[in-house]
Amino acid sequence: MTMSAGWYLRRLSRMGPQEVAGRVGDAVRRRRWRSAPPECPSVTGARFTAVLPAGTIAALPPDAAKRLVAEADRLMDGHAEYFGVVRDDLTDPDWWYDPKTGRRAPSGYAFDVPYRSEDAVGDIKQIWEPSRHQYLTQLTAAYAVTGDERYAERVAAHLRSWWAANPPLRGVHWISGIELGIRLLSWVWIRRLLDGWSGAAGLFEDNPVAVKQIWHHQRWLAAFPSRGSSANNHVIAEAAGQFAAACAFDWFPSSERWRADALRSLDRHLRGNTYLSGLNRELATEYHGLVLELGLAAVAEADAAGVPVPASVRLVLLRMTDALAAIVDNWLRPPRQGDADDGYGLVVDGAGTNRWGSLLATGDAVFGRLDWWPAVTGTDVRTPLLAALIERTEPSVRRPADRPAHFADAGMTILRGPEEIWCRCDGGPHGFLSIAAHAHADALSVEVRHDGVDVLADPGTYCYHGQPEWRQYFRSTLGHNTLELDGGDQSVSGGPFLWTRHAESRVLTVDTSGEDMTRWCAEHDGYEGSVHRRRVELTAARRELRVIDEVRGPRRAVRLAFHLGPAITADLVGKRAQLTWTRDGEDRAAVLDLPGQLSWQAHRGETDPVLGWYSAGFGRREPATTLVGSGFTDGAEGFTTVLGFRG
């Protein structure tokens, strides 16, 4: 996908004067660096002292360590999976190769590489992901656990290979700040976990090539921060990586300044990216997890280096952790809201580790759990590693006495019923900043689970670049459990990460205190001349969810969509769908009674146009049933849908 002139004009229209001036300065600097790149100063006497406390590795949970080593052994055999693409070439990777398209990114000056063009470069996510070097943090963690030097030697070989293939400012890996920031954080932990291996110093602080790479990564991040309308999770990753490196690799004349600047940026943007309720402002749950991981990792580096951190940093992370504990279902799954690209801040665990349980376990270790928090039964490696470095402090603010159900600033409400019925209602802002890059056109959508199984599902994200028709579908209004008018989205898209007009929603009523019934009602103005209002009522005694949609305004064509999870089998007869699935070997069932004013059809796995799909993770998709009712907005009674769970 290449960007048109029209896209650049639309993108420019979402910037303020300060951002425009900053980007002009960036362009000038890029041109200057082409012929006169900055030079790394000479470094002598560099040492790495940010090691783990004695006994940390020995205290790791045995089952978590076993999963880690099993994962490391798969990696040693060259096997990995990135975004649905299975690879077996990681024994000696080609750092610029995309196995999905078979293309190899071009060489040359980094800022000349057309990374958005899949035809020229390949799938950029497939190329970038291994070079975050998070699989190397897994290998080094396995070395720390086992003492087996095979892991350490493989890590050293791959780092030397990467540094040789990717000299500063050359090629595709010097384009995006988030990639440089996460890579720096990985290098810090690689060096930390290799401590005790005889080759560690020779690989890092005594290696001029490594020292040069570390300096150039930090110099790049200092020069090209994400700005203005792009200051979302990317700027958090840039600041966290810069700060971690400036703490752990404090070998350069600029280290103190980089550390101070990165900490100021981290503090500012953590607050800017997070509502007071603790939810991430991008309203994309996976980025909530990414930002929380990055923030905790940065605090670990600060405490390891004895660098004071503003109280506001820990406060934001505390609120984020409490918010996460509040919104997960009984299987510790959070909402599937907005974009998701499987991005992690720090990876030291094996397959099968629950990411969200790990974050809550870390929150317990660092801040202390509240009585209403859900229980975390699994174990992980990352929590004891971070907890060994982070100084536990007692929060000086009042935390929620009971489990919050409504987050007014984010417009998110969680209704809960018997037998672990969980329902998310969306009445919040469209997204974050002027471009709302990771938002979906999902105003007033609902997401319903029963004992952790997606019944009315948010279909997910699937892709970013290269497949515009799929990107458009998974972001669309029709791609969510809400109502579409006249075949258009509630918000207007200007590109794959750009919305030029945002629907405005407001929550009208919320009542989550009733023992038998909980209620939510909201409306949005995304369709000019009309207002869509939705009421949701969850009745505990009947185990029933009722959704009432009303449209005020002129007569318009309407489509009402309900996306079923991939585990759900649907038998649609007229206006009623019988839903069945299994959970842990037990048969489950529900009945979905659909509005009689609309004509209903079931769609599954269709491609022309795209409809009836579910994406469990980035780059992966599978057919799932979508029920679509079509008609017009005649009548004042509205459209009533009833989902009843059977015993």
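In the predicted model, Asp-486 and Arg-556 form a salt bridge in which the closest N and O atoms are 2.8 Å apart. Asp-486 lies in the loop between strand 10 (483-485) and strand 11 (492-495), and Arg-556 lies in the loop between strand 16 (544-552) and strand 17 (557-563), so the pair ties together parts that are 70 residues apart in sequence.

A second salt bridge joins Arg-132 to Glu-179, with 2.9 Å between the closest N and O atoms. This pair also links distant parts of the chain, 47 residues apart: Arg-132 is in the loop between helix 5 (124-128) and helix 6, and Glu-179 is in helix 8 (residues 177-193). Both Arg-132 and Glu-179 are buried.

A further salt bridge is formed by the side chains of Asp-195 and Arg-191, at 3.2 Å from N to O. Asp-195 is partly exposed, with a relative accessibility of 38%. Arg-191, in contrast, has a relative accessible area of 4% and is buried.

Salt bridges also occur in a network, which links Asp-329, Arg-333, Arg-424, Glu-447, Arg-449, Asp-454 and Asp-458. Over the whole structure, the search finds 48 salt bridges.

Helix 3 was examined separately. This helix comprises 15 residues (62-76), and the distance from its first C-alpha to its last is 21 Å, close to the 21 Å expected at 1.5 Å a residue. Its buried residues are Ala-64, Ala-65, Leu-68, Val-69, Glu-71, Ala-72, Leu-75 and Met-76. These residues lie on the same side of helix 3, because they cover an arc of only 160 degrees around the axis. Pro-62 and Lys-66, on the other side of helix 3, are exposed.

The packing partners of the buried residues of helix 3 are strand 1 (80-82), helix 6 (134-146) and helix 7 (149-165). Just after helix 3, Gly-78 adopts a positive phi of about 90 degrees.

Key:
Residues are numbered from 1 along each chain as its sequence is written. This is a predicted model: local features need pLDDT of at least 70, side-chain atom pairs count only at pLDDT 80 or more; totals for chains, interfaces and linings use all residues. Side-chain values use heavy atoms; hydrogens and water are left out. Helices (H or I, at least four residues) and strands (E, at least two) are DSSP runs, numbered from the N terminus. The expected span of a helix is 1.5 Å times one less than its number of residues. Buried means under 20% relative accessible area, exposed over 50%, partly exposed in between (1.4 Å probe, protein chains only). The arc is that of the directions from the helix axis to the C-beta atoms. Contact means heavy atoms within 4.5 Å. A salt bridge is a side-chain nitrogen of Lys or Arg within 4 Å of a carboxyl oxygen of Asp or Glu.
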